[in-house]
Amino acid sequence: MTYSGDLTVREAFELLRDDGDAVLVDVRTEAEWTYVGVPDTAELGRSPIFASWLPVEQDAPGARFLAELARAGVEPGHRGPVVFLCRSGKRSVAAAEAATAAGIGPSYNVLDGFEGDLDEHGHRGGAGWRAQGLPWRQS
């Protein structure tokens with residue numbers, strides 16, 4: 001594994017709750033944040049970091065993403081775990097791998113993400129952050 005590991009959404013929330021240096025990075029797109037909703041970590045005394053994982057750069061995949069993290073204070077030497085969340089737990093793996101390769105860690109992926117994989121009817125929402133009843137809000 002090229003990152004620190006996978007966490008269930010409950011484990012991720014507990015880590016964020018119990019470790020004041022832990023940060024949550026939502027790597028979805030702005031449209032997802034706006035129309036689907038975002039984790040609400042206000043009760044933990046800090047907000048998620050929003051940095052889209054869109055590895056489209058030809059010369060340095062993930063460079064823009066890592067620069068966004070650095071602007072938010074998450075860079076090599078960051079104190080505390082970094083928890084990456086996407087829609088279903090796929091993009092966040094790539095983000096955790098890129099962060100780890102850049103010296104940011106421990107970096108974790110959140111299994112099932114914010115709303116999980118598609119179900120047998122082609123719908124999301126049966127798994128993930130929202131389905132587990134963790135705090136979230138609509139933008």
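This briefing covers the salt bridges and the nonpolar cores of the structure above. The model is predicted. The count of salt bridges comes to seven. The largest nonpolar core has 18 residues, and a second, separate core has 15 residues.

**Salt bridge Asp26–Arg28**

- Asp26 and Arg28 join their side chains in a salt bridge, at 2.7 Å from N to O.
- Asp26 has 0% relative accessibility, so this residue counts as buried.
- Arg28 is buried too, because its relative accessible area is 0%.

**Salt bridge Arg64–Glu68**

- A salt bridge links the side chains of Arg64 and Glu68, with 2.1 Å from N to O.
- Both residues sit in helix α3, which covers residues 63-71.
- Arg64 and Glu68 are four residues apart, or about one turn of the helix.
- The relative accessible area of Arg64 is 28%, so Arg64 is partly exposed.

**Salt bridge Arg130–Glu115**

- The side chains of Arg130 and Glu115 also form a salt bridge, at 3.7 Å from N to O.
- This pair connects distant parts of the chain, 15 residues apart.
- Arg130 belongs to helix α5 (residues 128-131), while Glu115 lies in the loop between β6 (107-110) and α5.
- Arg130 is partly exposed, because its relative accessible area is 25%.
- Glu115 has a relative accessible area of 9%, so Glu115 is buried.

- Side chains of opposite charge can pair when their charged atoms come close.

**The largest nonpolar core**

- Which members of this core touch the most other members? They are Val25, Val27, Phe65, Leu69, Val74, Val82 and Phe84.
- Two or more residues each come from β2 (23-26), α3, β5 (82-85) and α4 (91-101).
- Helix α4 gives the largest share, four residues.

**Val74 and its contacts**

- Val74 is one of the core residues that touch the most other members.
- Leaving aside neighbours within four places in sequence, Val74 is in contact with Val23, Ile49, Leu69, Val82 and Ile104.
- Of these partners, Leu69 and Val82 are also named among the core members with the most touches.

**The second core**

- The second core is separate and has 15 residues.
- Its members include Phe13, Leu16, Leu85 and Leu134.

Note on methods:
Residues numbered from 1 in each chain as written. Predicted model: local features only at pLDDT ≥ 70, side-chain atom pairs only at ≥ 80, totals over all residues. Heavy atoms only, no water. Salt bridge = Lys/Arg side-chain N within 4 Å of Asp/Glu carboxyl O. Buried < 20%, exposed > 50% of the residue type's maximum accessible area, 1.4 Å probe, protein only. Core = buried A, V, L, I, M, F, W, Y, C linked by side-chain atoms within 4.5 Å. Contact = heavy atoms within 4.5 Å.
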